[in-house]
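Let's take a walk through this protein together, with the model open in your viewer.

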Amino acid sequence: MRARPKILDFPPPRMEGDWWKDRILCGNALDILRAMPAASVHLAITSPPYNVGLDYDRHDDRRPYEEYLRWLAPFWAELKRVLVSGGRFALNVAPTSIKDFRPIHYDMAAQLRGLGFLMRTEILWYKQTMRRRTAWGSFRRPSNPHIVPSWEYVLVFSKDSWVLPGDKANADITGEEFIAFSDGFWPISPEKRGRQPFLDGLYPSRRGRKNPKKKKEGHPAPFPEELIYRLVKFYSWRGNVVLDPFGGTGTVAAVAARTGRHYVHLDLSKKYCEIAAARLGGGVSRRDGSPLAS
Ligand SMILES: C[S@@+](CC[C@H](N)C(=O)[O-])C[C@H]1O[C@@H](n2cnc3c(N)ncnc32)[C@H](O)[C@@H]1O
């Protein structure tokens, strides 16, 4: 079992050598990215707050739309700086709201292409959330019917070059996985607040009753591990550095560690950093019951 990583509050007392590598770094990701060396990351994967009013621990998720886009812009610039040439950025994002539709995936793609990122592709993460639909609009009438998005996107970019050099001994994707993942339609169920399996280890049931903290303390928007596993295996070599600047419960870090990559986990919230550290400590398990960081 892997030792529980220490959380480093930013700024740490010393920033020598690879102070940022295999770390849970707690603080404003923009400050941390600015302190990281250029060309140090091979793959960044993230899902920023979508500005839809979720109740994050430390982040205000409701601000005027233009201000929200302006807030994100410097993160993209710093991400580009810390990526190696050929490094990738996989951005999970979805259009927000049904009635007041905002194509934030178009706006973010425009921001990133404006910075000179090469857009490689878009993956359609089919979440199959139609079963829980309630917002029909004008049901059975064409006056104002609503499309309910049952999917999100993963927009994938490269810095400078399409090619990420690596040693073929460090290519660890199987032929079967490659064929499956190269079809850009990924049906994967979403993860839900309080349902992540590792939370059982953090908030165990008491006298046969579910611990209410599990739901309350859980994160409102965690990634499913399968989504991250596919991105990590498809877009990086074993031994690469994988970063999530809005790391939340540490899904990217946990999958990176499990697949033999280095991780860099950033989040503003001490609470989420604690969850990520416990998860990476390996005392908690994946959905199939096997230890996360083995
Ligand atoms: C959509 S969630 C990411 C969840 C994550 N993908 C997971 O699997 O748990 C966005 C995260 O961004 C964090 N955040 C918001 N503003 C931040 C900032 N300035 N610096 C670092 N993290 C920030 C929030 O605390 C939140 O955990």
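How are α8 and α9 oriented relative to each other, roughly parallel or roughly antiparallel? Keep in mind as you look that this is a predicted model. Helix α8 covers residues 251-258 and helix α9 covers residues 270-280, and the two pack with their axes 9 Å apart at an angle of about 20°. An angle under 35 degrees counts as roughly parallel, so α8 and α9 are roughly parallel to each other. Their crossing is right-handed. To see the contact itself, display Ala253, Ala254 and Ala257 on the α8 side, which meet Ala276, Arg279 and Leu280 of α9. Sorted by class, this contact of α8 with α9 holds 5 nonpolar residues, 1 charged residue and no polar ones.

Now stay with α8 and turn to another of its partners. Helix α7, residues 225-235, has an axis that comes within 9 Å of the axis of α8, and the two cross at roughly 50°. The contact of α7 with α8 is made up of 6 nonpolar residues, 1 polar and 1 charged.

Another helix pair is worth a visit. Helix α2 (residues 65-82) and helix α3 (residues 104-114) have axes that come within 10 Å and cross at roughly 40°. That makes α2 oblique to α3. The crossing of α2 and α3 is right-handed. Leu69, Leu72, Ala73 and Trp76 of α2 meet Asp107, Gln111 and Leu112 of α3, and the residues of this contact divide into 5 nonpolar, 1 polar and 1 charged.

Next, have a look at some backbone geometry. Most residues other than glycine have a negative phi, and most peptide bonds are trans. Where do we find proline 11? It sits in the loop between β1 (7-9) and β2 (23-26), and a cis peptide bond, with omega about 0°, joins it to phenylalanine 10. Aspartate 22 also lies in the loop between β1 and β2, and its phi is positive, near 55°.

Finally, zoom out to the whole chain. The protein chain has 9 helices and 9 strands. Its radius of gyration is 19 Å, close to the 19 Å that the globule rule gives for 294 residues, so the chain is as compact as a globular protein of that length. Taken along the principal axes, the C-alpha atoms fill a box of roughly 60 × 55 × 40 Å.

How values were computed: Residues numbered from 1 in each chain as written. Predicted model: local features only at pLDDT ≥ 70, side-chain atom pairs only at ≥ 80, totals over all residues. Axes fitted to C-alpha atoms, helices over the stretch in contact; angles between N-to-C directions. Helix = DSSP H or I, 4+ residues; strand = E, 2+ residues; numbered from the N terminus. Parallel < 35°, antiparallel > 145°, perpendicular 65-115°, else oblique. Left-handed = near helix turned anticlockwise from the far one by under 90°. Contact = placed C-beta atoms within 7 Å. Nonpolar A, V, L, I, M, F, W, Y, C, P; charged D, E, K, R; others polar. Rg over C-alpha atoms; globule rule 2.2 N^0.38 Å.
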